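Hello,

Here is the structure we talked about. Please have a look, then read on for the findings.

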Amino acid sequence: MQFKKRYIFRAILFLICGITVAICGIGAKHYYHLTVSNFRSHDNAEHSYNIYPGTTIDGVLNMLDEDYDIGSHQDFMLHARLMHFNYPEPGHYTFDAKISNRELIDRLRLGKQTPVNITWNNAVFTREQLAGKVTNNIMMDSVTLLQYLENEDFLKQYGLNKETSRCLFIPNTYQVFWTITPEQLFARMKFEYNAFWNDERRTKAEELGLTPIEVTIIASIIEGESRSKTELPIIASLYLNRVKKGMPLQACPTIKYAVGDFKLKRILYRHLAVDSPYNTYKNPGLPPGPIRCPNPQSIDYVLNAPKTNYLYMCANPALDGTHIFSSTYSNHAAAAAQYRHTMDTIQWN
C-alpha cells in the first residue's frame, strides 16, 4: 500500500512537471514570437510592401509569406486578437529580416510607415509630366494630382494658377509617406518652396523688379537655351536686360514649348507663327508660366546674373554648343547669318 501511494504521488508529480514544462514551453514560444521573432526573411534581408486600403490581416500574411518564414500563423492571429488588431493601416512599410509579432502589429495598427522618396529633375516640362513623376512612388495617381495642378480655386491659396502651379515643385528628392494626400503634398511643397525662397533670395528678386514666380519662369527659359552652365548666367543677364527694356523675349525654348516639341532642333518661320501665349516672338513680356521645372541652381543664376549689355544671342557657327552674344542687332544679324549659312551647308551636304 505504501509503495502504491508513492507510485501515485510520483506519477502525479511527473504529470504536474510535464504540464508545467509544456505550459512553460508554450509560454516561451509565445513570448519569443511576440517579442523576438516570428518572421525571418528567406534571404536575411529587409523587404518592403505597399499595403492598400481594405487589405486584411490574411492579405498581409500572404504578402509576407512570399519573403519570410513564418514561425506560427496561429500565434500571430492570437496575438493580433489580444492586441485588438483588426485591419492594417494603409501605407508603405519596410520590415527587417527578423520581425516579432508585436513589432509587426504595432506598426500596422498605428500606421508607422517607412517614408518613400519622390524625385524629379528639370527634364519635366508639362503638368502632365510633373504629375507622372511625382506620383511614381506614392499611392496617389497622376490623374488626381493633375486635377489639383489645374484647379484654379484650390491654387488660389498658394497665389498660383494652373500655368504657374509647377513653380511650387522645385526639382529635388523629398521623403514623404506613401499615403500622402494632394492637400498634404501641396502643403509640403509650399514648406520647401518657402525654405528655398528665403529672405535673401526674395530680396534679390525684388531688386530685379521680379517676383519669385517670374524669376522661375526666366530660369526655365535659360535652361532651354544652353547646356553650358558657364553660359547660363550670361543668358540670364540677357533676358533680364530684355525684360527691363520691355523688349520681346524672342526665346526659342518657348517656341518649342508652344508647339509641344521639346526636342525640336531648328526653329523655322512656321514655328514662330504658332498661336500660343508661350510664343514670345508674338507676345510681349514673360510667358504665363515656366516651360519646365528649373533647377534651383538656375534660379540662382537669374538672381545673381552678371551685369551685361547683351540683348541678343545666336548659336555659335562652330556648332560647339556655345553662343555668340551681342549688344547690337547689327552684330547679332551678322552672327545669325553666319550660323544659317553653316546649317544650310550641312543640310545640302
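Contact here means heavy atoms within 4.5 Å. Of the contacts in the protein with a separation of 6 or more, 63% are between residues 24 or more positions apart. Please keep in mind that this is a predicted model.

Overall form

The protein has 15 helices and nine strands. Its radius of gyration is 32 Å, whereas a compact globule of 349 residues would have one near 20 Å. Along the principal axes, the C-alpha atoms fill a box of roughly 130 × 50 × 35 Å. Buried residues account for 44% of the 349 residues.

Cores

The largest nonpolar core holds 59 residues. W120, F169, L185, F186, I222 and Y239 have the most contacts inside it. Helix α10 gives this core its largest share, seven residues. There is also a second, separate core of 20 residues. I57, I70, F76 and Y93 are among its members.

Which residues does Y239 touch, leaving aside its neighbours within four places in sequence? The list is I218, I221, I222, E225, L249, Q250, A251 and M313.

Helix α14

This helix covers residues 296–303. Its buried residues are S298, I299, Y301, V302 and L303. What covers them includes α8 (182–196), α9 (199–207), α10 (212–225) and α11 (232–245).

The three-stranded sheet

Three strands form an open sheet in the order β3-β1-β5, with antiparallel pairing. β3 (68–70) and β5 (98–99) stand at the edges. Each has a single partner strand, so one side of each is left without a neighbour in the sheet. β1 (residues 39–41) pairs with β3 over three bridges. S41 has Y68 in β3 as its bridge partner. Helix α2 (residues 57–65) lies across β1, β3 and β5. The helix runs at about 125° to β3.

Salt bridges

How many salt bridges does a search of the whole structure find? The count is eight.

- E163 with R127: the closest N and O atoms are 3.5 Å apart. E163 lies in the loop between α7 (152–155) and β7 (172–176), and R127 in helix α5 (residues 127–134), so the pair ties together parts that are 36 residues apart in sequence. Why does R127 count as buried? Buried means under 20% relative accessible area, and R127 is at 12% relative accessibility, so it counts as buried. R127 and E163 are also linked with E150 in a network of salt bridges.
- E223 with R292: their side chains meet at 3.4 Å, N to O. E223 is in helix α10 and R292 in the loop between α13 (269–272) and α14, so to speak distant parts of the chain, 69 residues apart. Both E223 and R292 are buried.
- K156 with D153: the closest N and O atoms are 3.7 Å apart. Are these two residues buried or exposed? Both K156 and D153 are exposed.

Best wishes

Technical notes
Residues numbered from 1 in each chain as written. Predicted model: local features only at pLDDT ≥ 70, side-chain atom pairs only at ≥ 80, totals over all residues. Heavy atoms only, no water. Buried < 20%, exposed > 50% of the residue type's maximum accessible area, 1.4 Å probe, protein only. Helix = DSSP H or I, 4+ residues; strand = E, 2+ residues; numbered from the N terminus. Core = buried A, V, L, I, M, F, W, Y, C linked by side-chain atoms within 4.5 Å. Pairing = 2+ DSSP bridges. Axes fitted to C-alpha atoms, helices over the stretch in contact; angles between N-to-C directions. Salt bridge = Lys/Arg side-chain N within 4 Å of Asp/Glu carboxyl O. Rg over C-alpha atoms; globule rule 2.2 N^0.38 Å.
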